[in-house]
Amino acid sequence: MIPGENTSAQNSNASPPELNVTLPLMSDLPETSFAWSNVELHVDILLLTVEDCEFLSCFAYLKELFKSYHNSTGPLYFGCMGDYHGKKMKIALMRCSKGPDVPRGSLSASKDAILLLRPEAIFSVGACSGLNSEKVKLGDVVVSAKLITAAHKTPPSRDISNLIKHVADGWKAPLQNADEYDAKVHCDGVVLSISEANRDMIRKHPEAIAVEMEGGDVHFFNYCPLKTEWVVVKGIKDFVDETLSSSKK
């Protein structure tokens, strides 16, 4: 075996690599909410998630966290991450319904949240499916250098584009046996954001390395009056060809 190559990580029937951190449970979430009047706005980054595991993975890294509620968005979780030149980044975290254009989906929820929270940037985070096991493997992270939907081909805005070129600098994957998996961050990833009905787009875009179903409407923020920055950041959980084979069976 070539050093740094893991055949199970290339096999889409295998499970994704295990984390080396313990994620909280839904039962660990705070029961009480702070009054909205006590929330200091704006925030630096809004994290959009869908699945519980995606939400909890972000929640685990929030410091000084608290929960609040607003009628236009529902529950929101706030906290801090990192230390940028002595300044902590103010983070808001929310869950959306599955699918971008359903009630409380990523499009409607983020439209309301952006007007309420006035974030500097929105990160659509979570899991996606790989399209080419020769280019990506289970556990890799894909950052959208270009997002392709049924109607648009959209690169991130200039400031985010400059940032994601160096997003992997110094990054260490929080995985058990991290050296064995050698998980990588693909900063130049072309990502498809499509519905089940548009799977034929996969054949039309061989340059794409991953596909997801939640971020396709973030291009809206390019035209938002607040000029909010955005990017899609997803981890490879499986491969589309195996997903299709399983569904046929």
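User: Is phenylalanine 55 buried or exposed?
Analyst: Buried. In this predicted model, phenylalanine 55 has a relative accessible area of 0%. The cut-off for buried is under 20%, so phenylalanine 55 counts as buried.

User: How many aromatic pairs does the structure hold?
Analyst: The structure holds six aromatic pairs. One of them joins phenylalanine 55 and tyrosine 77. That pair is edge-to-face, with 5.2 Å centre to centre and 70° between the planes.

User: Where do phenylalanine 55 and tyrosine 77 lie?
Analyst: Phenylalanine 55 is in helix 2, and tyrosine 77 is in strand 3, residues 74–84. So the pair ties together parts that are 22 residues apart in sequence.

User: And tyrosine 77, buried or exposed?
Analyst: Tyrosine 77 counts as buried, at 4% relative accessibility.

User: Why is the pair of phenylalanine 59 and tyrosine 77 called edge-to-face?
Analyst: Their ring centres are 5.9 Å apart and their planes stand at 85°, so the pair is edge-to-face. Phenylalanine 59 is in helix 2, 18 residues from tyrosine 77 in strand 3. Both phenylalanine 59 and tyrosine 77 are buried.

User: Which residues form an aromatic cluster?
Analyst: Phe34, Trp36, Phe66 and Phe78 form one.

User: Back to phenylalanine 55. What lies over its face?
Analyst: Arginine 95 does, at 4.5 Å from the ring centre.

User: Which residue meets arginine 95 in a salt bridge?
Analyst: Aspartate 52. The two side chains meet at 3.3 Å, N to O. This pair links distant parts of the chain: arginine 95 in strand 4 and aspartate 52 in helix 2, 43 residues apart. Arginine 95 is partly exposed at 34% relative accessibility. Aspartate 52 is also partly exposed, at 39%.

User: Why can such side chains pair?
Analyst: Opposite charges can pair when the charged atoms come close.

User: How many salt bridges does the structure hold?
Analyst: Seven. Among them, lysine 87 meets aspartate 44 at 3.9 Å, N to O. Lysine 87 lies in strand 4 and aspartate 44 in the loop between helix 1 and strand 1, so the pair ties together parts 43 residues apart in sequence. Lysine 87 is partly exposed at 47%, whereas aspartate 44 is buried at 9%.

User: What about lysine 204 and aspartate 200?
Analyst: Their side chains meet in a salt bridge too, at 3.6 Å, N to O. Lysine 204 is exposed at 57% relative accessibility. Aspartate 200 is partly exposed at 29%.

User: New topic. Which residues make a nonpolar surface patch?
Analyst: Leu19, Val21 and Tyr61 make one of about 230 Å². Valine 21 sits in the loop between helix 1 and strand 1. Valine 21 is partly exposed, with a relative accessible area of 35%.

Note on methods
Residues numbered from 1 in each chain as written. Predicted model: local features only at pLDDT ≥ 70, side-chain atom pairs only at ≥ 80, totals over all residues. Heavy atoms only, no water. Patch = residues over 30% accessible without salt bridge, like charges linked within 9 Å, V, L, I, M, F, W, Y side chains within 5 Å. Areas by Shrake-Rupley, 256 points an atom, 1.4 Å probe, with all protein chains shown as cover. Salt bridge = Lys/Arg side-chain N within 4 Å of Asp/Glu carboxyl O. Helix = DSSP H or I, 4+ residues; strand = E, 2+ residues; numbered from the N terminus. Buried < 20%, exposed > 50% of the residue type's maximum accessible area, 1.4 Å probe, protein only. Phe/Tyr/Trp six-rings, centres within 6.5 Å; stacked < 30°, edge-to-face > 60°. Lys NZ or Arg CZ within 6 Å of the ring centre and 35° of its normal.
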